[in-house]
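User: Could you walk me through how to read the interfaces and a few local features here? I'd like the general idea each time, then the case at hand.

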Amino acid sequence: MLKELVKEEFTQDIAKGAVLVDFYSSTCSPCKMLAFILKDIEKTLGDQVTIIKVNFEENPDLIEEHKVEGYPTLVMFKDGEELSRKSGLQQKPVIIKMIEEAL
Amino acid sequence: MRKYDLVVIGAGPAGMTAAIYGVRANLKVLMLEKLAPGGQMINTNEIENYPGAGKVNGSELALQMFEHAQELGVEFDYKTVTKIESIEDSKRIYTEEDDEVIEALTIIVATGTRPRTLNIPGEEEFKGSAISWCAICDGAKYRDKDVVVIGGGNSAVDEGTYLATIAKSLTIITDLELTADPVSCDYLRSLPNVNVFPYKRVVEFVGKGGEFTGIKFVDKETGENEQVIECDGVFEYIGAIPYTDFLEKTTILGSGGFLEVNERMETTIPGVFGAGDCNSKHLRQVVTATADGAIAAQEASAYIKALRRKEV
């Protein structure tokens, strides 16, 4: 599943299972290309991982809480614990590996 | 083994144009890309000199080109090419991801470039934290802070103009003058929070107790007049290195690892062509990349026609 952040549900969303959070900015080109890759990944792994997109400008509290410094930043959670993190546009196989390590 | 008339390595503007021209010439085309479609366009906030597009975001133009290629039937795959081989009239392509060998009659190398680094003290320590090569990605953390851009070419001026809207102060240190197009240079110079230091050479990224504090530079010609500017972050735009490592064992690379091609984009290996920023050339722009891609694909098509005539 790939969805935009619903603030009230975030803590609950990341608490269980494999959740990949994409901290992005709507004005950032690499973020747009990452979104393109994530859509592709969702087609094949969407039933095993939840992908949540968090807008950088609209969610300063979450950005601070998770110490995100730039965008795009991908943070992989498993049962609420951060497993891995990558900054910048990433190769599709690298993202798939992040997800598979959390399954 | 998957077989194609044309395999395009790289999905930047050169590669995508080559793929479009390839399918329109009735070729079976596969385009390989290790990251995402767009190449250097992805890191460009606004492209203002691609005819007909007006002012366009880099990734939006990239996605439009990619969709165009997909609509015409270009196959696409995420692969990092590690080696190519030329065996008689056939080419073989090996990739990092798996053991699959892809066969093609022709190859267009359109792999683009990556940023050059300074290789000076402190760079290794602070890269990824205080030193960045992507203003669009990392600029946000320097709101109301002091930032330095190293370089004076197109990328330095474009990204510097973007950073100047975010940072408290922007200092540009370059070993020549600003060399981008004069309109962009004049605009950047006119901004109240921008200061340009031409004819300087950066010699060190300075830190204290593991914290980045600033950069040290000297006069380019004499190596004297050492100065330190305190800042919170640095962006390097000092040129590019081609993604041609996988071709090192071939004979088609020239100075700096760039592909040597003729006006038909032919390399010295028959059936292997080069296009875009990875070619040895003077001007690297989206419009010159697309032109290279079109020429390379037309020549690949002509090469295949000649091969087929030979077989008859």
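Analyst: Let's start with buried area, which is the accessible area (1.4 Å probe) that two parts lose on being put together, summed over both. The size of an interface is often given as the accessible area lost when the parts come together. Before we apply it: this is a predicted model, where local features need pLDDT of at least 70 and side-chain atom pairs count only at pLDDT 80 or more, while totals for chains, interfaces and linings use all residues. Residues are numbered from 1 along each chain as its sequence is written, chains are lettered from A and ligands numbered from 1 in the order in which they are written, and side-chain values use heavy atoms, with hydrogens and water left out.

User: Which domains does the assignment give for chain B, and how far apart are their C-alpha centres?

Analyst: Domain bounds come from an automatic or database domain assignment. For chain B that gives domain 1 (3-114 + 240-311) and domain 2 (117-236). Their C-alpha centres lie 32 Å apart.

User: How much area do domain 1 and domain 2 of chain B bury between them?

Analyst: About 400 Å², with 52% of it on carbon and sulfur atoms. On the domain 1 side of chain B, B:N43, B:N45 and B:Q285 supply 76% of the area buried against domain 2, more than any other three residues. If you count contacts instead (heavy atoms within 4.5 Å), four residues of domain 1 of chain B meet five residues of domain 2.

User: How many salt bridges and polar contacts are there between those two domains of chain B?

Analyst: Cut-offs before counts. A salt bridge is a side-chain nitrogen of Lys or Arg within 4 Å of a carboxyl oxygen of Asp or Glu. A polar contact is a pair of N or O atoms within 3.5 Å; within protein, one must be able to donate a hydrogen and the other to accept it, and residues adjacent in sequence count only if both atoms are side-chain atoms. Between domain 1 and domain 2 of chain B there are zero salt bridges, and zero residue pairs in polar contact with both at pLDDT 80 or more. By class, the side of domain 1 of chain B that touches domain 2 has no nonpolar, four polar and no charged residues. In that scheme Ala, Val, Leu, Ile, Met, Phe, Trp, Tyr, Cys and Pro count as nonpolar, Asp, Glu, Lys and Arg as charged, and the others, Gly among them, as polar.

User: Now the chain pair. How much do chain B and chain A bury between them?

Analyst: Here the figure is about 1,700 Å², 63% of it on carbon and sulfur atoms. In chain B, B:L35, B:Y78 and B:C137 lose the most area to chain A, together 31% of what that side buries. The contact takes 25 residues from chain B and 18 residues from chain A.

User: How many salt bridges join chain B and chain A, and which elements of chain B take part in the interface?

Analyst: There are two salt bridges; one of them pairs the side chains of B:E60 and A:K32 (3.1 Å, N to O). Five residue pairs are in polar contact, both at pLDDT 80 or more. For the elements, helices (H or I, at least four residues) and strands (E, at least two) are DSSP runs, numbered from the N terminus. In chain B, α2 (58-71) and α4 (135-138) each supply at least two residues of the side that touches chain A. α2(B) gives the most, with six residues. That side of chain B has 13 nonpolar, seven polar and five charged residues.

User: Is A:K3 buried or exposed?

Analyst: Buried means under 20% relative accessible area, exposed over 50%, partly exposed in between (1.4 Å probe, protein chains only). A:K3 has a relative accessible area of 19%, so it counts as buried. This lysine is in strand β1 (residues 2-4) of chain A. Its side chain makes polar contacts with the side chains of A:E9 at 3.4 Å and A:D13 at 2.8 Å.

User: And what should I look for in the backbone angles of B:Y199 and B:M265?

Analyst: B:Y199 has a phi near 55°, a positive value in a residue other than glycine, and B:M265 has a positive phi of about 65° although it is not a glycine. B:Y199 lies in the loop between β11 (194-197) and β12 (200-208) of chain B and is partly exposed at 44% relative accessible area. B:M265 is in the loop between β16 (240-242) and β17 (272-274) of chain B, and is buried at 8%.
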